[in-house]
Amino acid sequence: MFFHEIYNTYYLAVERMIRQAASGMLDEKSAWEIARETAFSESFLYILDAVRSETWQVVTKDFRTPLQNLPKRPLTDLERQWVAAVKQDSRMRLFEPETAGTGAGAEPETDVKQGAESETAKRRGAEKGRTFPPLYSLNDFYITDAPGEGDPYGSQEYRAVFRTVLKAAEEGGPLRIRYVSGKGREREDIYLPLRLEYSEKDDRFRLLAQGRRGFTILNLSRIKECVPEKEAAGTDAAQEELLRRGRRKNRSRESAAGQGAGDIRKAAAGQKVGGAHLSEQGSAAGTFGRRRPGAGLSLLPI
Amino acid sequence: MSEYSELIKHLGKIRDYMRDFYVFGFRSRSQLSGRKGKSGRSYDNERRRIESYLSDFMAFRQDKNGKSIFLSVDSAAIPENPLYRAFKAKTFTKNDITLHFCLLDLLADGKGYTAAQAAEEIDSRCLSAFGEPVVPDLSTVRKKLIEYEKLGIFRAEKNGKTQLYFLNGGEDTAGEDPGISPQALAFFSEMSPLGVAGSYIMDRDGVRNRIFSWKHHYIMPALDSEICFLLVQAMHEKRKVIITNESPRRGGGGQLEIEILPLKILISLRNGRRYAAAYHMGRKAILTFRLDYIKSVRLAEESGEFDILRKKTEELLRQSWGVSLGRQREPEHLTMQLRIEGHEGYIADRLRKEGKHGVLRQLSETVWQYDIDVWDPSEMLPWLRTFIGRVLRLDCTDPAVTEIFYRDMELLYESYGIGGGDVFS
């Protein structure tokens, strides 16, 4: 079933509360914060009310729980089938390690013991042996205006560049990139990856990066060489310098990527990075208003 | 009057309102509720829910028609599709949520339990901690175990005459590995059809997208995911379906029930729309139906004609420009002659790249000819207009197409106050 309560954000919020209660760390304030962060704007009202009244008998009104052994929810068959479906996609090769012979992503069976098998191992073997039909096959869909040619996912060199860029975007380190422009000019420079942008319309990946000349967009298919620039990473000051320099161009994509720079700094400093924030919208026209997050209770008169 | 709830039983109503707020955000309360024949109260409830789910994206404007609420989303700036949130708002009962966590906790020890054993353990281990325990009866527990077995969360094994239930994924409380990296999960939850399922896994594993941003990304098709899922399921089972279709183009409006055999889901990357190519049992023809006009899908009996009709659809699509399959008798032929100077090779490149199965020939140093056979050449008009200024001649076996093209050019000339002369000079 596609639409089911098991995927409800309330269940996620309550799961977090149970785990915190199991370690004795849950109180009204932390319960409120969990509900606000995990569920919808008004959800904290209903969730806290249900906890205080013990309507849902998993967390008591004094924020304790009898559940001490809560596992992570197993995947549903829908989710497993979706994973099986996306694994057919040619772009999946970008994310899986290169393997020879058995094909990318193949995992050898290692946990079935020789000789007398334990019940647990037998059961695990039986579960691992389950195959899930893909949720959809590529032949179920037809793109009426597919791009003529996209990025060369079949190329090992391209995949190597993609993985290097992906890792740098995650970890925040600068890259030394040798790039050939559309006019055939080659240049080499240091860039701080901010975001990897994908366009389904032309089936291309682009790197949004901060270079020494400012915000830049590089087509991944034109990157000839790409290595982490450990020496230039140096201190935080060098990275700050990269981020400060340069002219502003392509504002919307830059602003979308820009908070990524803040995330990268935080990640480098070992701080937890929050979710991406929106760029401001609708602020130009005088009659436009924006609802503040969490203001769901104050209904505006119509 | 029923009490307001933030959660929803079915996606149908909220799907319509979300689309209206996003696409028709200029309509006021009276216009939206009047148009749908619904009460203002219904509008208020749905608006309140959408504001709760999508508070970051709601805005309003005040004009002479009153206050208009709208959704404003910059798809280049969002890491994840916010419309997925509607799929995470299904209603549940107090027994549903209690049994969900109590059964997971119970079965995490790796042992198997019958329904009776599970009910007893839940009572003694979980509910005894509460001042007024509400003990679910045995049939409720059994139904939940069966439901979760169907979902794939539990596994049932026969033990003599009894049925034992186990947690799938073993007793590893760290949870089953989805077998896909977090980065791939973040990517494909946005870029694959039915990406909502990927978003469910992301929530479960606490994965968020911090790397990817999107260009040319349409978020609206997410609202049709359940419809798409049912149609794909019907295709895999080679079944007919009964759809409830509400097309604004049909005279008189209203909903219509139609029996169809779904064959393919068509996706346009240019306008973000999705269509079902299906055999209309009444009209005995392969037609296309916009997914956002389909309100519900009900599975019907199997069809022995699926394979033949799907193959026919694939053949038709090879000569289609967009989603229209025309009258499927003979394809129409279209010829366009253009002037392309020597230094404008990029125009010829664009014709080759975008011209699909058409054929491009150079007739002379500066004159090129593009020929194509398609079922419905009227779909080509927006693309043909991008060559205005270079078109020397346009002919089509469907005279209506050339008539529209020339007439639009005349109107264009008139609007710029340029009268007379050759349309193409």
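Glu341(B) is partly exposed, with a relative accessible area of 32%. Here, buried means under 20% relative accessible area, exposed means over 50%, and partly exposed lies in between (1.4 Å probe, protein chains only). Arg339(B) is likewise partly exposed, at 34%. Arg339(B) and Glu341(B) form a salt bridge, and their closest N and O atoms are 3.9 Å apart. A salt bridge is a side-chain nitrogen of Lys or Arg within 4 Å of a carboxyl oxygen of Asp or Glu. Salt bridges with shared partners also join Glu5(A), Asp96(B), Lys144(B) and Glu147(B) into one network.

The model is predicted: local features need pLDDT of at least 70, side-chain atom pairs count only at pLDDT 80 or more, and totals for chains, interfaces and linings use all residues. Residues are numbered from 1 along each chain as its sequence is written, chains are lettered from A and ligands numbered from 1 in the order in which they are written, and side-chain values use heavy atoms, with hydrogens and water left out. The complex receives an ipTM of 0.91 and a pTM of 0.85 from the predictor. Chain B has a mean pLDDT of 89, and 92% of its residues reach 70 or more. pLDDT is the predictor's confidence in each residue, from 0 to 100.

Further salt bridges were examined in chain B. Over all chains, the count comes to 47 salt bridges. One of them joins the side chains of Glu237(B) and Arg239(B), at 2.7 Å from N to O. Glu237(B) is partly exposed at 33% relative accessibility. Arg239(B) is also partly exposed, at 23%. Another salt bridge pairs Glu301(B) with Lys240(B), with 3.4 Å between the closest N and O atoms. Glu301(B) belongs to strand β10 (residues 294-302) of chain B and Lys240(B) to strand β6 (residues 239-245) of chain B, so this pair ties together parts that are 61 residues apart in sequence. Helices (H or I, at least four residues) and strands (E, at least two) are DSSP runs, numbered from the N terminus.

The structure holds 32 aromatic pairs over all chains. Rings of Phe, Tyr and Trp (its six-membered ring) pair if their centres lie within 6.5 Å; planes under 30 degrees apart count as stacked, over 60 as edge-to-face and the rest as tilted. Tyr10(A) and Phe92(B) form an edge-to-face pair, 5.9 Å centre to centre with 75° between the planes. This pair crosses between chains. Tyr10(A) lies in helix α1 (residues 9-22) of chain A, and Phe92(B) in the loop between β2 (66-71) and α4 (94-107) of chain B. Both Tyr10(A) and Phe92(B) are buried. Tyr198(A) and Phe205(A) make a tilted pair, with 4.7 Å between centres and 45° between planes. Tyr198(A) and Phe205(A) are buried too. Tyr198(A) and Phe205(A) belong to a cluster linked by ring pairs.

Arg61(B) lies over the face of Phe70(B), 4.5 Å from the ring centre. The charged end of Lys356(B) sits over the ring of Trp321(B), at 5.3 Å from its centre. A charge sits over a ring if NZ of Lys or CZ of Arg is within 6 Å of the ring centre and within 35 degrees of the ring normal.

Helix α6 (residues 138-151) of chain B has 14 residues and reaches 20 Å from first to last C-alpha, close to the 20 Å expected. The expected span is 1.5 Å times one less than the number of residues. Buried residues of α6(B) include Val141(B), Lys144(B), Leu145(B), Tyr148(B) and Leu151(B). They cover an arc of only 120° around the axis, which puts them on the same side of α6(B). The arc is that of the directions from the helix axis to the C-beta atoms. Lys143(B) and Lys150(B) are exposed on the other side of α6(B). In α5(B), the buried residues are Ala115(B), Ala118(B), Ala119(B), Ile122(B) and Cys126(B). Seen down the axis of α5(B), these buried residues fall within an arc of 100°, so they line one face of the helix.
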